[in-house]
Every structure is written in C-alpha cells, then in structure tokens.
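Hello,

I am handing over the structure below. Please look it over first, then read the notes that follow.

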Amino acid sequence: MFGKKSEKLTEAHASETTASETAPSSGTGSTAAGAASRTGTPKTAETGPAEQSPRERRHPQEKKGAPTPTRREREAARKRPLVTNDPKEARRQRREARAAEAEKVRESFKTGDERYLPPKHRGANRRLVRKVVDERFRIPEIMIFVLLPFVILSLVLSTNMEVQKAISNIFMAFILLVAVEVFLCVRSLRKRQAETGTERQRGDVFYVIERIIMFRKFRTPAVGV
C-alpha cells in the first residue's frame, strides 16, 4: 500500500518538474512576440500589396481588358474634317478659297512674285522677254486702237469700193509694220539671251507677240516686273 502511494507521489513530482521546464520556453516565445510588436518590426502577412507596374496602372476611366489603340487610330481620332458636311458651308469655303487665290495672282502681276504667277510668266527667260518688249514704245501696242476705226469705216462705207480698197491697203500696211516690229523685237531678244547666257524657252516668239500687241497699261505682268 505504501509502495503504491510512493509511486503516485513520484509520478506527480515528475509531472510538476516537466511543467516547470516547459513554462519558460512558452514565456520566451510570448516575450519575443511582445518585443517584436514593441520594436515595430513589420510582419510578412501585414505588408501592403506589391507595387504595380506601369502596364497595370490604368486610367480610372479606362476599361480593363480593352486593347491599346494603335498609333493610326490615335491620329485618326485627333483629326478634324477640313470641309464641313454642310453643302452650303462647303460651297462658301470653296468660293473664299478661290477668291483668295485670285487675289494672290492679281497681286503677283503687280509685284512679280513668281510663287503665284501663272507658269508661263515664271523664270529668268520670261523676265528677260518682258524687259526687251517693254524697254521702248512699239507700234503693235496701238494695234487695237487702229483696227477699231478701220472696222467701223468698212461697215459704214461698205458701198464705196474705192474707200474699201483704201482701207484694206492701210490695214495691210499696218499689219506689215506689226510683223516687222515683232521680227526686230525677237532678234533683239535672241541677242540679249546670248549676251546674258539665258537659256531659250519654247514659246518665246508667241510670248513676244502676245505682249507686244497689248497696250502698255494693260499688260500683265505689269511693265517693269
């Protein structure tokens, strides 16, 4: 009987000894946890979300999963129509554009700005032709003022054959003078082109005739341009 009691006391003492040995270890763990909380060491589970990449950062209004627009699509979205869809407004814009272009051409006839001159008036050779034609008075430039009276007289005195014959002779003489003047002007132009080294251009003779028969005040481009 005393043997059983002694065995129970031995077992109870052994269990108390084991409990006393395990208590400090658990206390050490709680102490370490408390120290960690006091020092503010961040825990892995409590850290915030990882920083997002630029591709993951989207505009608040951008739909998720929407395809990125191409460069052509972005440029097309920025473009605006040059002509309105309204027919009346489109016609008005075309009229204004034509009027502005015509005004530039008229100014170029006065100033000689070759950016807006018609192609047949451009170039150093054309400037030389105008200079040669305009450098002095020439008989063909009064041609329009001479022909008009001849036409009127031929209509009024159509029944008088002698007057008609005289008018025809005077008219032919004047045309001959015009031809001689054109010939002399073209020869002077060829000489000037050779002296200055200006290259000849196709249609020089017709350009001379077109300008020489025009009254000086009505020539385009203006005299001296």
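**Salt bridges and a buried arginine**

Arg-92 is partly exposed, with 32% relative accessible area (buried is under 20%, exposed over 50%, partly exposed in between; 1.4 Å probe, protein chains only). This is a predicted model: local features need pLDDT of at least 70, side-chain atom pairs count only at pLDDT 80 or more, and totals for chains, interfaces and linings use all residues. Residues are numbered from 1 along each chain as its sequence is written, and side-chain values use heavy atoms, leaving out hydrogens and water.

Arg-92 forms a salt bridge with Glu-89, with the closest N and O atoms 2.2 Å apart. A salt bridge here is a side-chain nitrogen of Lys or Arg within 4 Å of a carboxyl oxygen of Asp or Glu. The count comes to 15.

Glu-210 pairs with Lys-120 in another salt bridge, at 2.8 Å. Glu-210 lies in helix α7 and Lys-120 in the loop between α3 and α4, so the pair ties together parts 90 residues apart in sequence. Helices are DSSP runs (H or I, at least four residues), numbered from the N terminus.

Now Arg-130. Arg-130 is buried yet has no salt bridge. The nearest side chain of opposite charge, Glu-114, is 5.0 Å away (Lys and Arg count as positive, Asp and Glu as negative; His and the chain ends are not counted). The backbone oxygen of His-121 lies 3.0 Å from a polar atom of the Arg-130 side chain. His-121 is also buried, at 5% relative accessible area.

Best wishes

Terms used: Polar contact = N/O pair within 3.5 Å; in protein donor to acceptor, adjacent residues only side chain to side chain. Helix = DSSP H or I, 4+ residues; strand = E, 2+ residues; numbered from the N terminus.
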